[in-house]
Amino acid sequence: MHSSDTDLIYSNPKAQVKDFAFDAQVVEVFPDMISRSVPGYNTIIDTIGRLSQRFVKPNTKIYDLGCSLGAATLAMRKSITAKQCQIISVDNSPAMVERCKMHINAFKGDTPVDIVEANIQEVTIENASMVVLNFTLQFIDKADRQTLIRDIANGINSGGILVISEKISHGDRVIDENLTDLHHDFKRANGYSELEVAQKRTALENVMLTDTVEQHVARLTGAGFSHVSPWFQCFNFISFIAIK
């Protein structure tokens, strides 16, 4: 028996697998999909909460860019102790935004949350003490990534932090193949079939274009962050902190 919120999107053979999109079908199963697809996801979310306790300053803004259903937003909202702050959570999927509002409103919190349906590249970042890009940059056109990171850096106050989590590639075929195999094993261990693994991979091929660690670090330092480091990695999934 599968509950209605189990991810079965790629469980039946498709004549043609269309490009992955954050549509209503994905929104329904998103928490199940991400916990079974992204190793260490809960650790990343918990740590975003901890970092918000440490970095968020009074009278500043916090941005969750590509917030999906608001997991990082909720983690921060529960952890922030600074007063007079505002969280701005942005996603360009109408279905995600609608469901995110329900999720956020189900939990009481001292910090107000503004959930915005918009393209994150059109959002002005200002007076920010913390910005989160959790598995979002990988869906942005490669040519636009440096500009986006620079705009974020420009809007972060001195001492503020950007947390950026991504799927990465390595530029080393042997490493890439081994880490991809480990990731597919992880998905199989979480109940995904060979068919689901293969079809999901096809669906993401054209929409998720990954960078290497070196490219991420160069982009972050080039945008004006003084302190950049990966803090978490499992297989080909990584999370960086960048402090201004």
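Predicted model: local features only at pLDDT ≥ 70, side-chain atom pairs only at ≥ 80, totals over all residues.

Reader: What makes helix 3 mostly covered?

Author: Seven of the nine residues in helix 3 (residues 71–79) are buried. They are Ala 72, Thr 73, Leu 74, Ala 75, Met 76, Arg 77 and Ser 79.

Reader: Which elements do those buried residues pack against?

Author: Packing here rests on contact, meaning heavy atoms within 4.5 Å. The partners are helix 2 (41–55), strand 1 (61–65), strand 2 (86–91), helix 4 (94–105), strand 3 (113–117) and strand 4 (128–134).

Reader: Why is strand 2 called largely enclosed?

Author: Because five of its six residues are buried, strand 2 is largely enclosed by the rest of the structure.

Reader: How do you know that strand 1 and strand 2 pair?

Author: Two strands pair if DSSP finds at least two bridges between them. Strand 1 and strand 2 are joined by five, so they pass that cut-off, and they run parallel. One example is Tyr 63, whose bridge partner in strand 2 is Ile 88. The chain gets from strand 1 to strand 2 through helix 3, and that β-α-β crossover is right-handed.

Reader: What makes a crossover right-handed?

Author: Look with the strands pointing away from you: the path from the first strand over the helix to the second has to run clockwise. Strand 2, helix 4 and strand 3 also make a right-handed β-α-β unit. Strand 2 and strand 3 pair in the parallel sense over five bridges, with Ile 87 opposite Val 113 in strand 3.

Reader: What about strand 4: why is it called largely enclosed?

Author: Seven of the seven residues of strand 4 are buried, so the rest of the structure largely encloses it.

Reader: And which strands does strand 4 pair with?

Author: Strand 1 is one of them, with four bridges and a parallel run; there, Tyr 63 stands opposite Val 131 in strand 4. Strand 5 (residues 156–167) is another, joined to strand 4 by six bridges and also parallel. On that side, Ala 128 has Ile 156 as its bridge partner in strand 5. Strand 4, helix 5 and strand 5 make a right-handed β-α-β unit.

Reader: Why does Lys 142 count as partly exposed?

Author: Its relative accessibility is 38%. Buried needs under 20% and exposed needs over 50%, so Lys 142 falls in between. You'll find Lys 142 in the loop between strand 4 and helix 5 (145–155).

Reader: What does Lys 142 touch, leaving out residues up to four places away in sequence?

Author: Leu 209, Thr 210 and Asp 211. The C-alpha atoms of Lys 142 and Met 208 are separated by 9.9 Å, though the two are 66 residues apart along the chain.

Reader: Now the second largest pocket. What is its volume, and which residues are closest to its centre?

Author: The volume is about 160 Å³. Of the 13 lining residues, Pro 31, Ile 34, Tyr 41, Leu 69 and Ala 71 are the closest to the centre. Helix 1 (24–37), helix 2 and helix 3 are the elements that give two or more residues to this lining, and helix 1 gives the most, with four.

Reader: Last one: how much of the whole protein is buried?

Author: Of its 244 residues, 50% count as buried. The protein has eight helices and seven strands.

Note on methods
Residues numbered from 1 in each chain as written. Heavy atoms only, no water. Buried < 20%, exposed > 50% of the residue type's maximum accessible area, 1.4 Å probe, protein only. 1 Å grid on protein atoms, 1.4 Å probe; cavity = no way out; pocket = protein on both sides within 12 Å on 5 of 7 lines; lining within 4 Å. Points joined across faces, edges and corners; volume = space filled by probe spheres on them.
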